[in-house]
Amino acid sequence: ATTFTGLCSKHDQAIFDPIDKIPIDAHTDEHLFLLAYRSVLRELHAAMSGAIKIQLAFQKKVELGLVRGGVPTRDGALAVEHLMNAYDSYLYKQEYDAAYCTNDFGRVEHVRLLEQGRLPTLAVSALFSLDSVIVGDDVARVALNVYPSGNDVMIVFSFLRDHAQYIRPFIEPFQAASGDRLLAMVSVRILNSCENFVIAPRFWNDMDDSKKGAIRDFFVSSLLTDASDLE
C-alpha cells in the first residue's frame, strides 16, 4: 500500500526479496529482521528528508529577512534538532547494517503477538523512539510491524538485543494483554508514534464521521507531544 523509495530497485530487491516473494514466516529470524530493517531504513529516509526540508526552509527565511541567521532563534534550533535526529537515526541504522552484512540476525530481538481469528484491517511498518528511555547518547528505538498472517493479525515489536533491558518494561504490558485490550493498546501506540500505516478501505469506509474524526484528532494531537494519555 505504501512504497519505500529510499533504495534503488536493485538493492531493494536484493535485500528484501526473502519477505516480498514468499509469505512472511514469523518464526524465521531473517524474515523478522528484514521486516524491522525496512522500518529502520524507511524512518531514516523520512528523518533525513524532513531535516533537509526544514533546514532549507530556515535558510529561505534568513534569505528573505524573516529571521536572523547569525543568532540563536527558534527556527534555527528546530532545524538543528531535526538534523541531530537524522544523524542519530543514521547511527542507529548502522547497527542493522552490521547485522545484515554478517547475517547476525539474532542481533535484533523480536516480540511476536498473534491475534487469531481477527479480520486484518491494518498494516504498519514503522520505527519510533521512547523519548523517556535513554540508551547511551540516544533514545531507545523500537520497530513495529503489523501485518495480515492468513486469517490472523501478527504484531511484531523489534529492537536491538543490546537494548533489551531498557525496552522490555515498555513491551511487557503488551505481552500481558490480549484480545480487544491488546488491540486497543496497539492502536493507541500506532496513532501516537507512527505515521507509516494504512487502514483497509472496507474497514475505514464503514466508520462514521465521528470515529474518523476521533482518529484524525488523536493523530494530530500526538505530532509534537506524547498523547497516549488520551486513550
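Me: What makes the crossing of α2 and α3 left-handed or right-handed?
Reply: This is a predicted model. In it, α2 passes α3 in a left-handed crossing. The label applies because the near helix is turned anticlockwise from the far one by less than a right angle.

Me: How do you know whether α2 is roughly parallel or antiparallel to α3?
Reply: Take the angle. Helix α2 (residues 29-63) and α3 pack at about 155 degrees, and their axes lie 8 Å apart. Angles over 145 degrees count as roughly antiparallel, so α2 is roughly antiparallel to α3. By class, their contact has 21 nonpolar, five polar and four charged residues.

Me: What makes R38 and D12 a salt bridge?
Reply: Their side chains meet at 3.5 Å, N to O. The cut-off is within 4 Å, so the pair qualifies. R38 lies in helix α2 and D12 in helix α1, so the pair ties together parts that are 26 residues apart in sequence.

Me: How many salt bridges does a search of the whole structure find?
Reply: The search finds 13 salt bridges.

Me: What makes Y87, Y90 and L91 a nonpolar surface patch?
Reply: Each member needs over 30% relative accessible area and no salt bridge, and nonpolar side chains are joined within 5 Å. Y87, Y90 and L91 make a patch of about 290 Å² on these terms.

Me: Where does Y87 lie?
Reply: Y87 belongs to helix α3, which spans residues 74-101.

Methods. Residues numbered from 1 in each chain as written. Predicted model: local features only at pLDDT ≥ 70, side-chain atom pairs only at ≥ 80, totals over all residues. Heavy atoms only, no water. Patch = residues over 30% accessible without salt bridge, like charges linked within 9 Å, V, L, I, M, F, W, Y side chains within 5 Å. Areas by Shrake-Rupley, 256 points an atom, 1.4 Å probe, with all protein chains shown as cover. Helix = DSSP H or I, 4+ residues; strand = E, 2+ residues; numbered from the N terminus. Axes fitted to C-alpha atoms, helices over the stretch in contact; angles between N-to-C directions. Parallel < 35°, antiparallel > 145°, perpendicular 65-115°, else oblique. Nonpolar A, V, L, I, M, F, W, Y, C, P; charged D, E, K, R; others polar.
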